[in-house]
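Student: Could you walk me through this model while I have it open, taking it one piece at a time?

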Amino acid sequence: MIKTLNNLEKGENGVIRAFKGNSEVKKHLMEMGLVRGSDVKVERVAPLGDPIEVKIKGYSLSLRKEEAKQIEIEIK
Amino acid sequence: MDKIKIALAGNPNVGKSTLFNRLTGMRQHVGNWPGKTVEKKEGTFQYNHHEIEVVDLPGNYSLTAYSVEEVVSRDYIVGEKPDVIVNIIDAANLERNLYLTVQMMELGANLVLALNMNKFAREKGLKINKNELSELLGVPVIEIEAVDKTGSDELLKTIVKVSKSPNVVLDRLEYGNEVSEHMEQIEKIIDQDIPQLDAPSSWIALKLMEDDPEIIKKIEETGKGQRVLKEVKKIQRHFNDVFGDDADAAITDARYGFIAGLVSESVKKPKIDKVTRSDLIDRIVTHKYLGIPIFLLIMWFTFQITFTVGDPLGGYIEEGFAWLGETLAASMGEGFLTSFIVDGIIGGVGGVLVFVPLIFILFLILSILEDSGYLARAAFVMDRFMHKLVGLHGKSFIPMILGFGCAVPGIMATRTLENEKDRLLTMLIVPFMSCSARLPVYALIVAAFFSAYQGWVIFSLYLLGIVVAIIVAAIFKKTIFKGMSAPFVMELPPYRIPTVKGAIIHMWERGVLFLKKAGTIILALSVVIWALSSLPVGVEYGSQESVTGQIGTVLSPIFEPLGFGEWQATVAIIYGFLAKEVVVSTFGTLYGIGGDGGGGEASADEAPAETEEETAPEEDPGFIAVMQELFTPLSAYAYMVFVLLYIPCLATLAAIRRETNSWKWPTFAAVYTFVVAYVVSFVIYQGGLILGF
C-alpha cells in the first residue's frame, strides 16, 4: 500500500518509494537522508498538528506536512 | 616552527565547537566571513613544534549551494586549500554524517575523520569497525571524545602526519555505472576545454549535473564552457527520460548508496532500535497537551532570569556611571569640557555597559537551551503557530519573546536561525515588540490622561506592536523577501547535558563581541548626540537654542498631522533614539521638572541621558500638568504609538549592524520603522479626530 508521508499515523513506518514534484526542498530532504529505499517511521506529531517528526537513518528529523506530502511511502 | 592550516568541518550538533574550544582555548578570534553574515571562528595552538591554525567551518549537512553557510564552507575548501580538514562525525548518526564526508572527498580535501560521541553510539548498540571504515575510505579514522582528552593526542599526531603526506581519495568514491559513466564524459570535456580550474574536474562535473547555480556561473564566466554545458543538458535530459527522475536526485541517491555500502561493511547495528533517553524526554516535552505549556514555562523562566537578574545589575552599572558623572562634574566645575566628559563620554560608555549583564545572562541561557537540544524542540512545538501567523520559522519565536524585554538580546538571539532570510526578517520585526524601555514613557502619559484605563491602554500598545509586526512581516514576505523558501527541515538532535565550559565560552564570546562591535557604535553616536545638544558653545544642554533643539524646531511641523507638533515633543523623540526611556527624562529637562527639581542651568545631573528621578515622573504632579498642556488624550495616544513604533534605539540598530555585518539593514530598519510609525500614528490621530475624540 502506498501513502504519502503526511498521511502516516504516529508510530507507522514504511519504505520511501518516490518523490512527487520537483522542488528545491526535495533536494534538501534527500540530502538529509530521505532517499529512496530508506526506512522511515513517524515518531510524533507536534502539539498543533504540524510539523511531524520522523526517524530516518537512525536519527530524528522534523518537517512540515506540506513537504511530507511529496514523499510516497510503501507500507509493508 | 612548522605552520599547519587546518579546518574543522562537520554537521551541526556533532561537538565541533566543543573540539574547537578544547584545541584553541581562549586563543580564538570570532569575526565574519568576508561579505557574509556567517560567523567565522579562527584560533591557533601549538603541538609538538608545530603552530596549528584552525578555522571552524560552519556546521553543514551538505556542500550544495543551498545555504550561505554551505557556500562559505565550499569556497573555503576550494579557495584556501587548508592542509588538513578534520571532519567531526557523530558516531551515533554515521550515515547522514558521512554524506558531508563524501562531498568533501569529491572536492579532493585532505581529510581526517574524528569519530565523536562514541559513547552514545555504543548506547544505541552500534559497533563501528573504524579500521574497516578507514580502509574503505582511504582516510584515517580516529575515535575521540570532544568533551575530554580521549583520542586527542592520536588526532593531533594524525593531523601532522597527514599534512605531510596527503591522502588520495578521489578514486575511492563510487556512484554506480550510470552516474560514473556520464560524469567521465563531462570530466573529459572539462579537461580539454577548461583545464585551469582550481577544483577537481570530477567535482565540477558532478556539480554541473546537479544544476549548481554557483558552478554553472563560474563555468560560464570562463567563456569556454559552451561545449560542457551543452553536454550536461543532454545528460540531464537522458536521466529524465530513462529514470523519470533528474540527475540531481540520482546523484544524491548514489552518494547514499555508496554510504550504505560503507556502513554495511563496517558497522554492526542492533536488530531493533532501542528506545533512547531522548525519546523518553520527547514524549513529555513535545506531548500533545504538555508541549506548549512546557515551552511557555521555559520561555517565562528565560525571560524572568534574564531580566530580573540582568536589569538590576544593569541598574547598578547605570547608577555607578551616574555617580561617577556627578562626582566628576562636582570636582571639575561646570563647563564645556565637563559636559563633554560627563554627558558625552561617561554617558555613552554607561549606555553601552548597561546592556552587558543582560547580554551575558541571555547568552548563557540560550547556549544552555541550544546545547541541550531543547531549542530544536521549541521550534518544533511553535512552528505551526509562527508559520501560520507570520510565515516564519518556529525558532523566530524566541527572539520575539525576548524583544519584549529588550530588542538587543532579541536581535542577537536571531543567530539561532539557520536561514539567512528568516534571520533578517525576524531582526526587522523584533523592534516592534514593546520593550521594557518604552514602559516608562507609557506610564507617564497614561498617568496623565488615561488613569482610569491604565492597564487596557498599555495592553493595547503591546498588542498594536504585535499586530504591526505581523502585518509588516506579511508585506515583507511578499516584497523584499519574495520567493524565500524556508522549509522547516530540522534535525532534532539527541538531548545532551551542556558543558559548563562550552556555555561560558559562548557567553563570553557574545558579550565581548557585543561590546566591541555594537559598543563602539553606541558610544560614537552618543557623543554625536551630545555634541548636537551642546553646540553652539554656551547654550543650555538640549535647549531650543542647541542644534538638537533647532533640529527639533525645524522638524516639528512634520508631526503636526500626528497631533504633536511642539518642538519639545520632537526633541524628546530625537533623544528617544538614544534609548526610548530617555523620552521621559527629556521632558523633565526641557521643562525643568522631575529629576533634581532645580532650574534650567546646564548642569550634568539634569542631562537628558539620565533617567533616575527622585519621584517617579508618573507620580509627579508637575510632570502630569506639563503633559496635559502639551497633549490631548488623542494626541498623547498617537505619541505613545509613535514612540512604540519609530526608529529602534541606537543599541538595537548597532546590534543589527553587528549581526548583519553591514549598514544596509540598520539603515533600512531605521527608515522603514519611521515610515510605519508615521503612518500608524497619522491614521490613529486623524481617524480619532474624525470619530470625534
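Student: How do β3(A) and β4(A) pair, and over how many bridges?

Tutor: In this predicted model, β3(A) and β4(A) pair in the antiparallel sense, with five bridges between them. Within that pairing, Lys41(A) stands opposite Lys55(A) of β4(A).

Student: And which residue takes a positive phi in the hairpin of β3(A) and β4(A)?

Tutor: That is Gly49(A), with a phi near 95°, in a hairpin that has six residues between its strands.

Student: What about the other pairing, of β2 and β3 in chain A: in which sense does it run?

Tutor: Strand β2 (residues 13-19) and strand β3 (residues 39-45) of chain A pair in the antiparallel sense over three bridges. One residue to look at there is Gly14(A), whose bridge partner in β3(A) is Val40(A).

Student: OK, zooming out, what is the order of the open sheet with antiparallel pairing?

Tutor: The order is β1(A)-β6(A)-β2(A)-β3(A)-β4(A)-β5(A)-β10(B), which makes an open sheet of seven strands with antiparallel pairing. At its edges stand β1 (2-4) of chain A and β10 (489-491) of chain B, and each has a single partner strand, so one side of each is left without a neighbour in the sheet. Ignoring direction, neighbouring strands of this sheet are turned by 40° against each other on average.

Student: How many bridges join β5 of chain A to β10(B)?

Tutor: Three bridges join strand β5 (residues 59-63) of chain A to β10(B), and the two run antiparallel. Leu63(A), for example, has Val489(B) as its bridge partner in β10(B).

Student: Now Glu53(A): buried or exposed, and why?

Tutor: Glu53(A), which is found in strand β4 (residues 52-56) of chain A, counts as buried because its relative accessibility is 0%, where the cut-off for buried is under 20%.

Student: Which residues does Glu53(A) touch, leaving out those up to four places away in sequence?

Tutor: On the chain A side, Glu53(A) touches Lys41(A), Val42(A), Glu43(A), Arg44(A), Ser60(A), Leu61(A) and Ser62(A), and from chain B it touches Asp282(B), Phe380(B) and Leu492(B).

Student: How many salt bridges does the rule find across the interface of chain B and chain A?

Tutor: The rule finds 10 salt bridges across that interface. In the one that Lys27(A) forms with Asp248(B), the closest N and O atoms are 2.7 Å apart. Across the interface of chain B and chain A there are also 18 residue pairs in polar contact, counting pairs with both residues at pLDDT 80 or more.

Student: Why is helix α19 of chain B largely enclosed by the rest of the structure?

Tutor: Eight of the 10 residues of helix α19 (residues 420-429) of chain B are buried, which is why the helix is described as largely enclosed. What covers those buried residues includes α2 (68-80), α17 (397-403), α18 (407-412), α21 (454-478), α28 (650-660) and α29 (664-691) of chain B.

Student: Last topic: what is the order of the mixed sheet in chain B?

Tutor: That open sheet of seven strands has the order β2-β3-β4-β1-β5-β6-β8, with mixed pairing. Its edge strands are β2 (28-32) and β8 (141-143) of chain B, each of which pairs on one side only. Inside the sheet, β1 (residues 2-10) and β5 (residues 84-90) of chain B pair in the parallel sense over five bridges, and Leu8(B) has Val86(B) as its bridge partner in β5(B). Helix α5 (residues 130-137) of chain B lies across β6 (111-116) and β8 of chain B, running at about 155° to β8(B).

Notes:
Residues are numbered from 1 along each chain as its sequence is written. Chains are lettered from A and ligands numbered from 1 in the order in which they are written. This is a predicted model: local features need pLDDT of at least 70, side-chain atom pairs count only at pLDDT 80 or more; totals for chains, interfaces and linings use all residues. Side-chain values use heavy atoms; hydrogens and water are left out. Two strands pair if DSSP finds at least two bridges between them. Helices (H or I, at least four residues) and strands (E, at least two) are DSSP runs, numbered from the N terminus. Contact means heavy atoms within 4.5 Å. Axes are lines fitted to C-alpha atoms, for helices over the stretch in contact, and angles run from 0 to 180 degrees between N-to-C directions. Buried means under 20% relative accessible area, exposed over 50%, partly exposed in between (1.4 Å probe, protein chains only). A salt bridge is a side-chain nitrogen of Lys or Arg within 4 Å of a carboxyl oxygen of Asp or Glu. A polar contact is a pair of N or O atoms within 3.5 Å; within protein, one must be able to donate a hydrogen and the other to accept it, and residues adjacent in sequence count only if both atoms are side-chain atoms.
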